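Reader: Please pick one part of this model and look at it closely. Then connect it to the rest of the chain, in short sentences.

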Amino acid sequence: MKIIAAVVNGVNEEYVLEELTLGELYSDEVIVKMVATGICQSDEALRVGAEAYPMPAVLGHEGAGIIEKVGSAVKDFAVGDQVVMAYNYCGTCPSCRTGHPAVCTEWAALNFSGNRSDGSYTFYKADGTPVSNFFTQSSFATYTITNSKNLIKVDPEADLRLIGPLGCGLLTGFGTVVNGLQPQTGSSIAIFGTGAVGLGALMTAKIVGCSTIIAIDIHNSRLETASELGATHTINSKTENLQERIDEITGGRGVNYSIDTTGISSIMKASIDILALGGSFAPLAVKPNSLELKPFTDLIMSNRKVVGVLMGDSVPQLAIPQLIQYHKQGKFPFDKFVKFYKFNEFNQAAADSNSGETIKPVIIIDESYRSRNDEPLIVFNKYFN
Ligand SMILES: NC(=O)c1ccc[n+]([C@@H]2O[C@H](COP(=O)([O-])OP(=O)(O)OC[C@H]3O[C@@H](n4cnc5c(N)ncnc54)[C@H](O)[C@@H]3O)[C@@H](O)[C@H]2O)c1
Ligand SMILES: [Zn+2]
Ligand SMILES: [Zn+2]
């Protein structure tokens with residue numbers, strides 16, 4: 001089957017739309033006709049080489065689409081189902097069996113190797129060159145092969161143009177709060193970086209009842225969005241003194257929880273320095289930077305904790321329907337920061353994400369798609385309003 005995908009042929013190269021051929025469909029896999037996909041900063045991290053990845057590759061791991069074909073062993077999904085795609089996991093290792101599939105022992109092999117465990121590929125160029133997949137998902141394509149474990153069936157009423165980002169960035173922000181930090185009602189939290197991950201965490205902090213929610217960024221436009229979504233305080237760390245503002249907001253006690261989505265060494269250190277006694281910090285960025293700590297003074301003396309959280313430690317099949325429900329109830333209004341782009345605008349969308357102009361770019365792959373209700377999409381939308 002011939003498809004079109006946005007291919008990255010080498011580190012720092014732009015996305016190029018190319019015709020590829022889908023490989024053989026395995027029995028536990030499905031073919032999804034893509035409707036839309038978010039672009040995550042982790043896609044950008046691979047494209048620019050911050051993390052090594054086998055190229056050429058079809059990136060994308062925030063896809064939403066409709067099942068086109070199912071493998072012979074797939075029982076839970078049928079042709080025509082509306083799905084969001086998240087990460088792949090084995091389902092049988094101790095992590096998977098205890099409800100932590102994001103730390104599946106096979107995670108790297110299944111999501112980051114570019115091919116299946118038998119060495120076969122899901123995409124090929126016309127000359128036979130294999131093309132890596134990403135997250136067994138590769139949503140930057142008109143059709144893709146994915147594993148049934150990547151899939152979350154969604155309400156037929158759900159609008160697939162909007163909900164792809166629930167598969168990674170928003171899932172991560174949500175899960176970091178509910179599973180990673182588990183803040184107490186009435187506690188305080190500081191979130192560094194108000195991109196999709198930070199704002200997902202912020203909306204969740206509000207849902208779980210944090211009473212002080214401090215958003216920190218270097219772009220005032222993003223901080224305005226953070227305020228609209230429930231930040232009780234904002235700090236522009238470029239123009240304001242961070243420590244002074246935190247002291248003023250918390251009466252000198254510091255915050256109970258902090259999250260860093262910037263991956264900048266000095267910011268990660270600041271995220272720990274502003275913690276109250278007993279506070280917890282979750283660093284989330286996919287960046288190679290290190291964090292220097294003096295455990296005795298930075299952690300032990302103050303009973304502070306640093307918590308690693310991958311993909312929000314969430315079970316996507318449980319969390320994503322929950323997030324769709326919160327969105328319907330107006331508690332998780334991520335549509336406020338989505339901007340839509342056309343299929344031939346991957347490079348523009350990525351540039352706008354990098355410059356800070358767009359918080360969550362979503363590429364509409366199938367412009368003919370209409371949701372069941374076909375409610376007009378949000379005002380930001382330049383194609384459907
Ligand atoms: N841990 C995980 O499972 C996981 C999952 C998804 C994404 N990620 C990673 O999370 C990170 C954030 O993703 P995103 O999509 O929200 O990215 P983003 O680029 O949209 O957000 C980062 C934010 O940090 C802000 N920032 C930059 N420098 C700053 C500074 N000095 N002070 C304060 N703020 C500053 C930026 O303006 C931006 O708003 C990325 O590194 C991404 O790869 C991790
Ligand atoms: Zn597993
Ligand atoms: Zn991601």
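Author: Start at Thr-239, in the loop between strand 13 and helix 7. Helices (H or I, at least four residues) and strands (E, at least two) are DSSP runs, numbered from the N terminus. This is a predicted model, where local features need pLDDT of at least 70 and side-chain atom pairs count only at pLDDT 80 or more, while totals for chains, interfaces and linings use all residues. Residues are numbered from 1 along each chain as its sequence is written, chains are lettered from A and ligands numbered from 1 in the order in which they are written, and side-chain values use heavy atoms, with hydrogens and water left out.

Thr-239 counts as exposed because its relative accessibility is 64%. The cut-offs are these: buried is under 20% relative accessible area, exposed is over 50%, and partly exposed is in between (1.4 Å probe, protein chains only). Between the C-alpha atoms of Thr-239 and Ile-218 there are 8.0 Å, and the two are 21 residues apart along the chain.

Now helix 7 itself, residues 242-250. Its buried residues include Leu-242, Arg-245, Ile-246, Ile-249 and Thr-250. They sit on the same side of helix 7, because they cover an arc of only 115 degrees around the axis. That arc is taken from the directions that run from the helix axis to the C-beta atoms. Glu-244 and Glu-248 are exposed, on the other side of helix 7.

Step back to the whole chain. It is divided into domain 1 (2-169 + 313-364) and domain 2 (173-310). These bounds come from an automatic or database domain assignment. The domain centres, taken over C-alpha atoms, are 28 Å from each other. Domain 1 puts 25 residues into the contact, and domain 2 puts in 23 residues.

Next, the cores. A nonpolar core is a set of buried Ala, Val, Leu, Ile, Met, Phe, Trp, Tyr and Cys residues joined through side-chain atoms within 4.5 Å. The largest one has 102 residues, and Ile-163 and Phe-334 have the most contacts inside it. Helix 5 (residues 196-207) gives the most to this core: 7 residues. The core lies between domain 1 and domain 2, because both give residues to it. Leaving aside neighbours within four places in sequence, Phe-334 touches Leu-162, Ile-163, Leu-166, Leu-170, Met-203 and His-327. Another core, of 17 residues, lies apart from the largest one. Among its members are Ile-214, Ile-246, Phe-281 and Leu-299. Ile-246 is also one of the buried residues of helix 7.

Last, the metals. Donors are N, O and S atoms within 2.8 Å of the metal (3.2 Å for Na, K and Ca), and water is not among the atoms, so sites may look incomplete. The zinc ion (ligand 2) is held by the SG atoms of Cys-90, Cys-93, Cys-96 and Cys-104, at 2.3 to 2.4 Å. Their spacing in sequence is C-x2-C-x2-C-x7-C. The site is tetrahedral, with angles of 101 to 118 degrees among its 4 donor atoms. Four donors count as tetrahedral if all angles lie between 85 and 135 degrees. Cys-90 and Cys-96 are buried.

Cys-40 and His-61 link distant parts of the chain, 21 residues apart. Cys-40 is in the loop between strand 3 (29-38) and helix 1 (41-47), and His-61 is in the loop between strand 4 (57-58) and strand 5 (63-70). Both Cys-40 and His-61 are buried.

Conventions. Tetrahedral: all angles 85-135°; square planar, octahedral: opposite > 155°, others 65-115°. Contact = heavy atoms within 4.5 Å.
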